[in-house]
Amino acid sequence: MSHSVETPTSAPPHSAVATILRVDHVTHAFGGYVAINDCSLDVHTGKITALIGPNGAGKSTLINLIAGFYPIQQGSITFNGQSIGGLPPYRIAQQGLIRTFQISRDYGAMTVLENLMVPPRNQLGENLVNVIFQPRKVAQQEKELVGKALEMLNTFGLYEKREEYARNLSGGQKRLLEMSRALMSDPTLLLLDEPMAGVNPALAQRLAQHILDLRGKGLTVLMVEHNLGIVDQICEEVIVMANGTTLARGTMEEIRAHPEVITAYLGGA
Ligand SMILES: Nc1ncnc2c1ncn2[C@@H]1O[C@H](COP(=O)(O)OP(=O)(O)OP(=O)(O)O)[C@@H](O)[C@H]1O
Ligand SMILES: [Mg+2]
């Protein structure tokens with residue numbers, strides 16, 4: 001059995017795996033600084049893929065490019081075979097590609113339940129005409145949404161906290177809330193940027209189990225993560241970034257043995 005690490009990062013042409021997301025030769029500069037440099041990678045459907053690499057490698061920038069928060073200056077990004085480059089984030093989200101967000105100050109001032117009521121975009125209640133002419137339908141949709149939100153909070157162990165202001169949650173509970181909020185939009189691909197950050201080891205295990213459960217339900221996950229123990233535990237595929245581009249791809253075991261990866265981490269420290 002070969003354990004060689006492929007040099008970046010496309011699936012072999014005859015591979016049976018399906019690709020849900022393809023980043024193809026993408027470049028992005030902040031002013032004169034090239035943060036993402038001719039970067040390509042594939043995310044395979046139904047897998048938990050980790051994006052790892054030293055600080056400043058460009059991981060968060062890439063997540064933001066994929067979710068549409070930064071414009072693509074060069075290259076292309078396709079989701080389910082369709083180009084999403086240049087679409088605004090809400091259009092990308094409507095297609096099922098969702099990233100999590102930290103609980104900001106505004107969201108902290110809302111209750112846990114209210115946080116979950118915000119994201120879906122096509123609620124009838126947002127449209128005043130519907131409120132006036134279809135009040136029953138609006139009320140029904142609202143009721144369904146509350147039911148879905150409460151179910152989500154129950155799954156993530158936040159049901160008891162539903163009336164609490166989000167700002168009063170612990171760091172770990174905030175991560176759980178961020179994840180449940182993203183899931184309200186029924187994503188097919190979930191992007192997570194350091195979901196274990198600031199979380200104690202016990203809760204990290206719970207979050208890891210939640211991510212595995214989501215994968216079990218058919219969700220694909222791409223997660224930036226510095227906790228390599230967790231990556232080893234739950235991520236089937238690992239992509240290493242350094243200096244704005246992908247360096248290697250493989251299982252964690254394969255990645256660990258890769259000389260360029262070792263250099264990138266030690267060099268970056
Ligand atoms: N909005 C911005 N304006 C200018 N430079 C930026 C901006 N965002 C990121 N950068 C720079 O781009 C590079 C990549 O940053 P990025 O945040 O994507 O790295 P990262 O891999 O997520 O790092 P970390 O592991 O520390 O989160 C860094 O050198 C960073 O300083
Ligand atoms: Mg980052």
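Mentor: Let us begin with burial: a residue counts as buried if 20 or more other C-beta atoms, placed from the backbone, lie within 10 Å of its own, as exposed if 12 or fewer do, and as partly exposed in between. This is a predicted model, in which local features need pLDDT of at least 70 and side-chain atom pairs count only at pLDDT 80 or more, while totals for chains, interfaces and linings use all residues. Residues are numbered from 1 along each chain as its sequence is written, and chains are lettered from A and ligands numbered from 1 in the order in which they are written.

Trainee: Is His 25 buried or exposed?

Mentor: His 25 is exposed, because 12 other C-beta atoms lie within 10 Å. The residue is found in strand E1 (residues 19-30). Helices (H or I, at least four residues) and strands (E, at least two) are DSSP runs, numbered from the N terminus.

Trainee: How many helices and strands does the protein have, and what share of its residues is buried?

Mentor: There are 11 helices and 10 strands. Of the 269 residues, 37% are buried. For contacts, two residues count if their C-beta atoms, placed from the backbone, lie within 7 Å. Among contacts with a separation of 6 or more, 67% join residues 24 or more positions apart.

Trainee: In what order do the strands of the open sheet stand?

Mentor: Two strands pair if DSSP finds at least two bridges between them. Here an open sheet of 4 strands has the order E2-E1-E4-E5, with antiparallel pairing. Strand E2 (33-44) and strand E5 (82-83) each have a single partner strand, so one side of each is left without a neighbour in the sheet. E5 pairs with strand E4 (residues 74-79) in the antiparallel sense over 2 bridges, and Ser 83 in E5 is the bridge partner of Thr 78.

Trainee: Which strands are joined to E3, and by how many bridges?

Mentor: E3 runs parallel to strand E8 (residues 220-224), with 4 bridges between them, and parallel to E9, again with 4 bridges. Ala 50 shows both pairings: its bridge partner in E8 is Met 223, and in E9 it stands opposite Val 238. Strand E3 (residues 48-52) is mostly covered, with 5 of its 5 residues buried. Ile 48, Ala 50 and Ile 52 point one way, and Thr 49 and Leu 51 the other way.

Trainee: With which strand does E9 form a hairpin?

Mentor: E9 forms a hairpin with E10, with 2 residues between the strands, and Asn 243 there takes a positive phi near 50 degrees. Strand E9 (residues 237-242) pairs with E10 in the antiparallel sense over 5 bridges, and one of the bridge pairs joins Val 240 to Ala 248 in E10. Strand E10 (residues 245-250) is mostly covered, 6 of its 6 residues being buried.

Trainee: Which residues surround ligand 1?

Mentor: A residue is near a molecule if its C-beta atom, placed from the backbone, lies within 6 Å of it. Phe 30, Tyr 33, Ala 35, Gly 53, Asn 55, Gly 56, Ala 57, Gly 58, Lys 59, Ser 60 and Thr 61 surround ligand 1. The elements that give two or more residues to this shell are E2 and helix H1 (59-66), and the largest share, 3 residues, comes from H1.

Trainee: Why is H1 described as largely enclosed?

Mentor: H1 is largely enclosed by the rest of the structure because 6 of its 8 residues are buried. They are Lys 59, Thr 61, Leu 62, Ile 63, Leu 65 and Ile 66. Just after H1, Gly 68 takes a positive phi of about 90 degrees.

Trainee: How does the span of H6 relate to the expected value?

Mentor: The expected span of a helix is 1.5 Å times one less than its number of residues. Helix H6 (residues 135-155) has 21 residues and reaches 30 Å from its first C-alpha to its last, close to the 30 Å expected. Thr 155 has its place in H6 and is partly exposed, with 16 other C-beta atoms within 10 Å. Thr 155 and His 210 are 55 residues apart along the chain, and their C-alpha atoms are separated by 8.9 Å. Gly 157, which follows H6, has a positive phi near 70 degrees.
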